[in-house]
Structure formats: C-alpha cells, structure tokens
Amino acid sequence: MALIRSQDREGVRLLTLDHPPVNALSFALSKELLAAIASAEAQASVRAVVFSGANGIFSAGADVNDFRDEMPADATTIRDVIAAVERGGKTYIAAIESTAMGGALELALACDYRLAAPRSKLGLPEIRLGIIPGAGGTQRLPRVIGAQAALEMMLKGESIPAEEAKRRGLIDEVVEGDLVEAALALAARAIQSEPKRRLSQRKVEIAAGVHAFALPYVVAQAHKMCPPEDRGGLAAHKLVDAVQAAFELPFERGLAREYRLFDQLVRSAPAQALMHLFFAERELAKVPGLSGAQAREIEKAGVVGGGTMGTGIAITFANAGIPVTVIEPAEEQVEKAKQMVFGMFMHQVQRGRLTQEEAWRRGQSIVFSDDYGELGDADVVIEAVFEQLDLKRHVFERLDAVTKAGAILASNTSTLDIDAMAAVTSRPQQVLGLHFFAPANIMKLLEIVRGAQTAPQTLATAFKLAKTLRKVAVLSGNAFGFIGNRMLFDYAREAVYLAEEGVPPHRVDAALKEFGMAMGPFAMFDLSGIDVFRNVQLVRREKGAARTAIVERLCALRRFGQKSGAGFYRYEKGSRDPVPDPETERLFAEEAAKAGVERRQDVSDEEIVSRTIYALINAGANLLHDGVALRSGDIDVAYIYGYGFPPHRGGPMWYADELGVAEVLDGVMRFRQRLGEHWEPSPLLVEIARGGGTFAEHGKELTHA
Ligand code: 3HC
Ligand code: NAI
C-alpha cells in the first residue's frame with residue numbers, strides 16, 4: 001500500500017504522507033518519500049514540492065518501532081529523505097497540519113518554507129525517548145532560534161504552539177483557512193523568486209545580543225543542569241554536545257557529529273527503557289472486552305470528603321473544566337479545604353501559569369456543601385472519606401439513593417474492597433475504584449480498580465475521564481493494595497528488615513536514590529505519614545503479613561513523620577530535609593534484639609538495592625500471575641508515575657527483563673534460603689525464568705486481543 005499520495009498542480013507537486021494513525025516516518029515511508037523526491041527533482045516541469053499530512057496530522061516523526069530492533073543494513077531513513085531535500089534544486093514547503101514532532105519537524109526545517117495551522121504544535125521531543133534529534137534537528141533548530149533557546153526547547157522536549165513558533169521564526173505563517181491551498185499558493189509565488197532559503201546556510205547565534213565568547217559558559221551551565229549520565233542524563237549531555245557542535249563546526253560536520261551521537265544513544269539501555277514506557281503508556285487502555293464499550297460523558301462531578309485527597313481531586317476536576325460539588329460535613333475542614341484551593345490557584349497565578357480570571361473561574365467551579373442532595377445531577381461521584389469500610393459502605397448507600405440512575409460511583413480507597421461497597425448499591429456495574437495519589441492535583445497516576453461487576457462501559461468512561469483529567473490510568477483488579485501499594489508493602493518490608501539488620505535508614509535511602517529512586521523509602525514514609533502506614537500494616541497483619549514493631553514504636557512516640565517533626569528521620573523546624581537520627585537506629589537495634597534478628601556489618605549497597613527491588617519484582621510477578629495487573633508494562637508505568645521509579649530503568653518489570661529474569665530468580669532463591677519464606681518466588685517468576693522469556697512478552701497477547 002502506498003504510504004504517500006502525489007498530486008501535481010501548476011508546477012507544484014503535493015506529497016501527502018498517509019500512514020495512519022500518525023504518519024510516522026517509518027523506513028518504508030522514508031523509502032517512498034525518497035523515491036518521490038528523486039522523481040520530482042528529475043522532472044523539469046515540477047518546480048516546487050509541498051509536503052503535507054493526511055489523517056489530520058503532519059507527522060509524529062520517526063517510527064519509534066524502528067528503533068527497537070537492529071536496523072536493517074539497507075534501510076532508508078528520514079535522514080536520507082532530508083539529505084535529498086537539502087541537495088535538491090526545487091523549492092520545498094512544509095504544510096504542518098496539527099503536529100510535527102521529531103523527524104517530522106526536522107523534515108520541515110530542511111524545507112525552504114514552513115506553514116502551520118493555528119492548532120498545530122511543533123517539537124523535538126526525542127529526549128523523552130532517551131535519544132536526541134537525529135535527522136539534523138540539533139543543527140538546524142539553533143540556526144533559527146539561537147543555540148540557547150534551541151537547547152532549552154530540546155532538553156525539555158516540549159512542543160510549542162503555532163503562534164509561538166511563528167514569533168520565534170520557526171514557521172513563516174500561521175494559516176487560518178485551508179493550509180494545503182495556502183501552501184500551494186505560496187509555492188506558486190516562491191517559484192517566481194529566489195528558491196533557496198536553506199537553514200543550513202545560516203550562522204548560529206547563542207541568543208540575541210550574546211557574544212560568541214559566552215559559548216563555553218553556556219555549555220558548562222547546560223551540562224551542570226543535566227542529571228548525571230548514569231542517572232538518566234545520558235541523552236541530555238549528548239544533546240548539549242550536539243548543539244555545541246552546531247555552533248563550533250560547519251553544518252556538514254556538525255551534522256555528522258549529531259548522527260554519531262544519536263547512533264550511540266538509540267540502542268542504549270536508557271533509550272530502550274524509555275521507548276518501552278512510551279508504548280506501555282499507549283497500551284494501558286487496551287483492555288480485553290472494552291473495545292465496543294461507549295464511554296459516557298462526564299459534565300459534572302461530585303466528591304465526598306473534603307480532606308487531603310477530596311480537595312486535591314476537586315482541584316483536578318476544576319483544572320479540567322468540570323464543575324464539582326464537594327460534600328464535607330466538618331465546618332473547620334471546609335475552611336481548610338477552601339484555603340487549600342485558594343492557595344493552590346494563587347500559587348499558579350504567581351508562577352504565571354494561570355491568569356487571575358482563569359484562577360477565579362476554576363475556584364468558583366468547586367462548590368462545598370454538607371447536603372448529599374446536591375449530588376443529584378453529578379455524572380460521577382468519588383468518595384474520599386476516612387479509610388473505614390463501614391463508613392464507606394454507608395456513604396455508598398446514600399450516594400445510590402441521591403444520584404441519578406446513570407451516575408458512576410467511585411471510591412478513592414487505598415486498600416479496601418470495592419465489591420463490598422458495590423454490594424450496598426443497586427448499581428454494582430457502575431461502581432469502581434478511582435485511586436488517586438497524593439497530592440491528587442499533581443501526581444499523574446490514577447489506578448482504575450475493577451470490581452467483580454464493574455461494566456465495560458463504566459471502565460471505558462473511567463479511562464476517558466482519566467484522559468480529560470490528564471492522568472495516566474492503570475487498570476487494577478480489586479485486590480488488597482491494588483497494584484502500587486501491594487508492591488510497596490514488600491519493598492517497605494525489606495527496607496525495614498535491612499534497618500533491623502543494622503543498616504541505618506539513611507543508608508538504605510541513599511543506596512536507592514543512587515539507583516535512581518526519586519526518594520528513599522524511609523523519607524517517603526515520613527512524607528506520607530507513619531500513622532497511615534501503621535493503619536495499613538494493621539489490616540495486613542490480620543492477613544498474616546510480617547513484623548510491624550518498629551512502626552508501632554514510632555507511633556507510640558508520636559513520631560509520625562514530617563508532620564510531627566520526627567519519624568524515621570528528624571526535621572528541623574520549618575524544614576523538610578531529613579536529618580539522620582541515632583534514636584531511630586537505637587529503636588531498630590532494640591526491636592532486632594527482641595525479634596532475634598542477627599545484626600550485620602557487611603551489607604553492601606548492592607544487597608540493599610537487590611533486596612528491595614527484587615521484592616518489588618517478585619510482588620509484581622504475583623500481581624501478573626493473579627491477574628491483578630494486565631501487563632508488565634502497566635506495572636512499570638504505575639511505578640514510574642506513582643512511586644518515583646527511575647524512568648531510564650523502564651520500571652521494575654522492565655528492569656527485571658534487562659537483568660535477566662533467571663538472574664532475578666536466582667537472587668530470590670538465595671534470599672529465601674537465607675532470610676525466610678517471605679521470599680517465596682512467584683510462580684510466574686519461576687515460569688518465565690525457566691522458559692528463558694521476559695515479562696514484556698508475557699501478556700502481550702492481551703494488547704492485541
Ligand atoms: N512512532 C510510532 N508510533 C507512534 C509514534 C511514533 N513516533 N507516535 C505515535 N505513535 C502511535 C502510538 O503508539 C499510538 O498507536 P496505537 O494507536 O497503536 O496505540 C498512535 O500512534 C496514536 O498515538 P497517541 O495515542 O499518542 O495519540 P495522540 O493523538 O494522543 O498523540 C502525538 C499524538 C502527539 C503525535 C503523540 O503520539 C506523540 O507525542 N508521539 C511521539 C512523538 C515523538 O516522540 N516523535 C519523535 C520520534 S523519534 C524521531 O523522530 C527521531 C528523529 O529525530 C530521527
Ligand atoms: P482525610 O482525613 O484528610 O479526609 C477525609 C475527609 O472525609 C474528612 O475531611 C472528613 O471530615 C470527611 N468525612 C468523613 N465522613 C464523611 C461523610 N460521611 N461524608 C462526607 N465527608 C466525610 O483523609 P484523606 O487522606 O483525604 O483520605 C481519604 C481517602 O483517600 C481514604 O480512603 C484514603 O485511604 C484514601 N487515600 C489517601 C491518600 C493519602 O495519601 N492521604 C492517597 C490515596 C488514597
């Protein structure tokens with residue numbers, strides 16, 4: 001099937017990329033495009049070429065799938081296409097409908113003219129995939145907007161809207177009407193005048209008014225701002241090198257440097273991990289049995305409980321333009337919640353992210369009440385009262401009575417049984433869990449918890465709602481702790497056991513931060529509250545889970561974490577910086593003695609990491625085995641967005657695949673022998689290790705079901 005369409009009009013050849021869904025510039029498409037350019041160049045009657053995109057988009061850039069396997073020796077890439085444009089004698093114009101990302105913007109930058117529609121967005125997001133632009137972007141962008149601005153744009157990987165692109169000289173015109181017609185008209189005019197406007201001929205400046213002497217300073221500053229190479233910063237440093245080359249070398253040599261840097265990165269472990277996450281995120285909503293389900297419209301929402309979570313959830317709805325009513329009976333809590341809402345929007349205004357008017361409008365769209373009757377016209381209601389099943393069941397009964405028939409009822413519970421809540425309603429098919437993470441208006445992760453009777457339509461609506469709320473939604477079965485917290489329990493257990501064995505909590509945290517975790521486990525418990533952790537542990541203990549003595553001791557001493565000035569760490573007044581506390585180490589030593597735990601001096605950083613991370617992996621394998629999580633990629637995404645797992649390692653299950661599942665099983669078996677039965681390997685871990693497979697392959701069929 002042809003991936004491009006060709007049409008001639010009065011000396012202008014229109015080449016339309018047509019490779020659904022996003023006109024990705026695959027090897028196959030590049031081959032066709034290269035042939036089309038050669039043909040246009042060979043015909044004297046063709047004087048200009050316009051590139052445009054079908055399917056409502058210019059192009060999403062190179063096909064990321066092509067970067068996941070070895071590149072065939074004879075592959076035609078977008079680089080070849082761009083080189084042909086650069087060499088060509090015709091006038092080239094890009095008509096950028098909607099989106100030009102990565103290689104697509106690089107193609108546009110090689111053209112003489114660029115036009116865009118008002119809704120178009122342009123960007124070089126390669127850094128998010130652990131690579132750098134590899135088809136001339138690092139050399140041409142600095143020639144348009146200056147080296148400093150180009151570096152900033154590419155390091156952030158953000159796309160910019162058409163108007164801004166016009167202001168910065170990236171495009172020539174924003175076209176209100178028919179973009180392709182405007183491009184054809186421009187082509188007709190352009191062929192009458194000077195054809196060549198190639199960016200490769202331009203000089204690079206650092207920024208307006210900044211002398212070239214400043215380059216070493218700009219470069220050094222940029223390197224300083226990037227994370228270390230082994231902590232997710234590999235591509236960022238190479239990007240700085242490439243832009244430096246744009247400044248220091250002639251175009252062709254700069255381009256060769258960029259190619260070399262790109263080629264070093266594209267099959268690197270961090271890039272492969274980030275590409276895995278790119279596709280894993282796009283697979284989340286592909287749930288067997290859901291494809292025919294029609295999502296309902298959500299125009300109005302309700303939240304029950306205006307505490308920490310309820311207020312954050314209400315702000316999330318307001319940010320998405322959905323009015324929300326919060327039911328909160330405690331007057332003093334209503335005042336606190338209003339202050340939180342006000343403070344949050346004011347902060348956005350101060351940071352220049354919102355206008356005063358917009359902040360006001362969003363604030364007004366959150367209404368507080370103590371009357372459940374106000375929820376009568378809500379399309380979805382999220383319960384966020386205290387974590388007590390009886391109370392939640394009571395709330396669900398009332399919600400069932402007051403809300404309209406089609407309304408979806410959701411719980412934000414961290415651990416409790418969704419089916420037990422659904423059971424008290426007349427609409428269990430419209431009940432599910434929507435588990436937000438604190439702070440709910442900031443954290444991207446949302447776990448969608450499927451009850452035994454949750455209908456496909458309810459799930460489809462939840463996925464659509466998540467998109468509207470700009471959350472990354474992961475489906476979980478209705479099991480204690482769902483996906484994220486269930487895994488966290490085992491991770492936390494090992495962290496606590498290590499401390500009992502004599503490793504100071506700050507050493508455990510430091511080793512895991514070195515591994516790349518955003519925060520160490522003990523600092524994290526102090527942040528979320530040790531009392532909260534204790535409540536969960538109490539329920540787990542009923543289910544036969546492990547020792548909790550240290551948590552009891554800390555709570556008895558009112559060391560609840562940051563909020564009380566001490567937890568596993570101490571905190572100076574007004575500071576959130578954890579200070580290691582010998583008192584905690586003493587408590588651990590006492591508890592270890594009581595439990596008969598042998599103290600050790602020889603625990604390496606490597607052991608700290610493998611014990612905690614293997615515990616995560618083994619728990620993840622059990623979730624897959626039990627069907628609580630659909631795919632290993634779902635678990636990876638949850639851990640990246642909800643728990644600060646380092647993206648460049650791809651998530652815990654991808655990390656296991658990279659290490660080799662057999663290697664992980666070996667470690668788990670050794671820990672089992674030395675440390676006890678809680679290290680029982682997951683049956684799935686054993687199965688995959690013995691079969692020589694990977695977690696990524698397991699469950700793949702679900703996506704394509
Ligand atoms: N390669 C392969 N597939 C891609 C793709 C790409 N560059 N971009 C999107 N897709 C696929 C998605 O996997 C998804 O497939 P599915 O329907 O089978 O799940 C489908 O296109 C739709 O994608 P989204 O769900 O993300 O659609 P949206 O409309 O929400 O977003 C988009 C569209 C803004 C283009 C977004 O997909 C995006 O940001 N894509 C990635 C852009 C990117 O990173 N480009 C750089 C590529 S690397 C490169 O160009 C290297 C060069 O410098 C040499
Ligand atoms: P919170 O204690 O801050 O707020 C609970 C609110 O519910 C209080 O303001 C209380 O007055 C109100 N409330 C109690 N009974 C009510 C009723 N019958 N009707 C209306 N409102 C009522 O608790 P938080 O932290 O916001 O947690 C709420 C839920 O969210 C819990 O189920 C919790 O497990 C879950 N959760 C908490 C997270 C956290 O980090 N705090 C993270 C994710 C989920």
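How far does a polar side-chain atom of Ser414 lie from an oxygen atom of ligand 2? In this predicted model, the separation between the polar side-chain atom of Ser414 and the ligand oxygen is 2.9 Å. A polar side-chain atom of Lys392 is likewise placed 2.6 Å from an oxygen atom of ligand 2. On the side chain of Tyr372, an N or O atom lies 2.9 Å from a nitrogen atom of the ligand.

The elements contributing two or more residues to the shell around ligand 2 are α12 (308-319), α15 (389-402) and β15 (431-436). Among these, α15 supplies the largest share, three residues. In total, ligand 2 is surrounded by 24 residues. The closest of them are Met309, Glu328, Glu387, Lys392 and Ser414. By residue class, the shell consists of twelve nonpolar, nine polar and three charged residues.

At the level of the whole protein, four domains are assigned: domain 1 spans residues 4-267, domain 2 spans 301-480, domain 3 spans 483-603 and domain 4 spans 605-705. A distance of 42 Å separates the C-alpha centres of domain 1 and domain 2.

Definitions and conventions
Residues numbered from 1 in each chain as written. Chains lettered and ligands numbered in written order. Predicted model: local features only at pLDDT ≥ 70, side-chain atom pairs only at ≥ 80, totals over all residues. Heavy atoms only, no water. Near = heavy atom within 4 Å. Polar contact = N/O pair within 3.5 Å; in protein donor to acceptor, adjacent residues only side chain to side chain. Helix = DSSP H or I, 4+ residues; strand = E, 2+ residues; numbered from the N terminus. Nonpolar A, V, L, I, M, F, W, Y, C, P; charged D, E, K, R; others polar. Domains from an automatic or database assignment.
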